[in-house]
Structure formats: C-alpha cells, structure tokens
Amino acid sequence: RALVRRFPPRPRDEVPVGPVQVGAYVLDPSLATVTVGASVVPLTPAEALVLRALLARPGRVVPRLELTNADVSLRGGALDAVVRRLRTKLEAVDGVRRIVAVRAVGFRFESHDP
C-alpha cells in the first residue's frame, strides 16, 4: 500500500499508443523515429519513451518522477543523459530547443517558437 501511495497508477489514456503529432513533430513509437518536416530522426527506445510522454502533453510539465517510473533504466542520472541526447538530435534538425527543463520538477515540450 505504501508503494501505491508513493507511485499512484497513471490513467492509461494519458499516454497515446500510436503515432503522436505536435506541430511539425510526428513520433512513431513502433518505429522509434520522429519526423520533423522532411527529416526522419532515429531514436533509442528510452528517447522514444521520453519524447512520447512530452508530446502527449505539449506545453505542460511532465514530472521527473513520472518519467523515471515509466522505465527503470531512467533512474539516477540516466534521464538527464537521455534528455540531453534527445535535445541534441532535435536541435540538429530544426535549430530550436524544444525540451525545456523546469528546475526540480521535470521537463516540458515547447510546441511554439520561443
């Protein structure tokens, strides 16, 4: 019961299963790729998981705890490394930093130009 209090189950409809589109970004989790305009960017499974969670709620903060609970391999500093690689890949395509860190809370995907 204590674990359920600390890590409440998430509703299944929050994170989409199929392709997710936000603006010019189209994530296909089954292929582990994100298409930005005409560019196709390959992703690791962890990067696809994090990006799927961020694209499911553009403009809203996704807590670090939620991301680390989604995959055990994202514990510790691994989440920061995955976000850093994901930022590098996405910025190389469109030149805009879309994934913003919210200090001590989590990350947010900015769907509009800053």
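**Salt bridges, a helix and hairpins**

Modeller: Let's start with Glu-91, which makes a salt bridge with Arg-97, their closest N and O atoms being 2.9 Å apart. A salt bridge here is a side-chain nitrogen of Lys or Arg within 4 Å of a carboxyl oxygen of Asp or Glu.

Colleague: What should I know about the model and the numbering?

Modeller: It's a predicted model: local features need pLDDT of at least 70, side-chain atom pairs count only at pLDDT 80 or more, and totals for chains, interfaces and linings use all residues. Residues are numbered from 1 along each chain as its sequence is written, and side-chain values use heavy atoms, with hydrogens and water left out.

Colleague: How many salt bridges does the rule give?

Modeller: Seven salt bridges. One of them joins Glu-47 and Lys-89, with the closest N and O atoms 2.7 Å apart. That pair links distant parts of the chain, as Glu-47 is in helix H2 and Lys-89 in helix H4 (residues 78–94), 42 residues apart. Helices (H or I, at least four residues) and strands (E, at least two) are DSSP runs, numbered from the N terminus.

Colleague: Is Glu-47 buried or exposed?

Modeller: Glu-47 counts as buried because its relative accessibility is 0%. Buried means under 20% relative accessible area, exposed over 50%, and partly exposed in between (1.4 Å probe, protein chains only). Lys-89, at 26%, counts as partly exposed.

Colleague: And what about Arg-64, which partner does that one meet?

Modeller: Asp-80, in a salt bridge of 3.0 Å, N to O. Arg-64 lies in helix H3 (residues 64–70) and Asp-80 in helix H4, so the pair ties together parts 16 residues apart in sequence.

Colleague: Back to H2, how many of its residues are buried?

Modeller: Nine of the 12, so the helix is mostly covered. Among the buried ones are Ala-46, Leu-49, Val-50 and Leu-54.

Colleague: OK, strands now. Which way do S2 and S3 pair?

Modeller: Antiparallel, over four bridges, with S2 at residues 25–28 and S3 at residues 33–36. Pairing takes at least two bridges found by DSSP between the strands. Leu-27 has Val-34 in S3 as its bridge partner. Four residues sit between the strands of that hairpin, where Ala-32 takes a positive phi near 55°.

Colleague: What does S3 do with S4?

Modeller: S3 and S4 (residues 39–42) also pair in the antiparallel sense over four bridges, with Thr-33 opposite Pro-42. This hairpin has two residues between the strands, and Gly-37 takes a positive phi near 65°.
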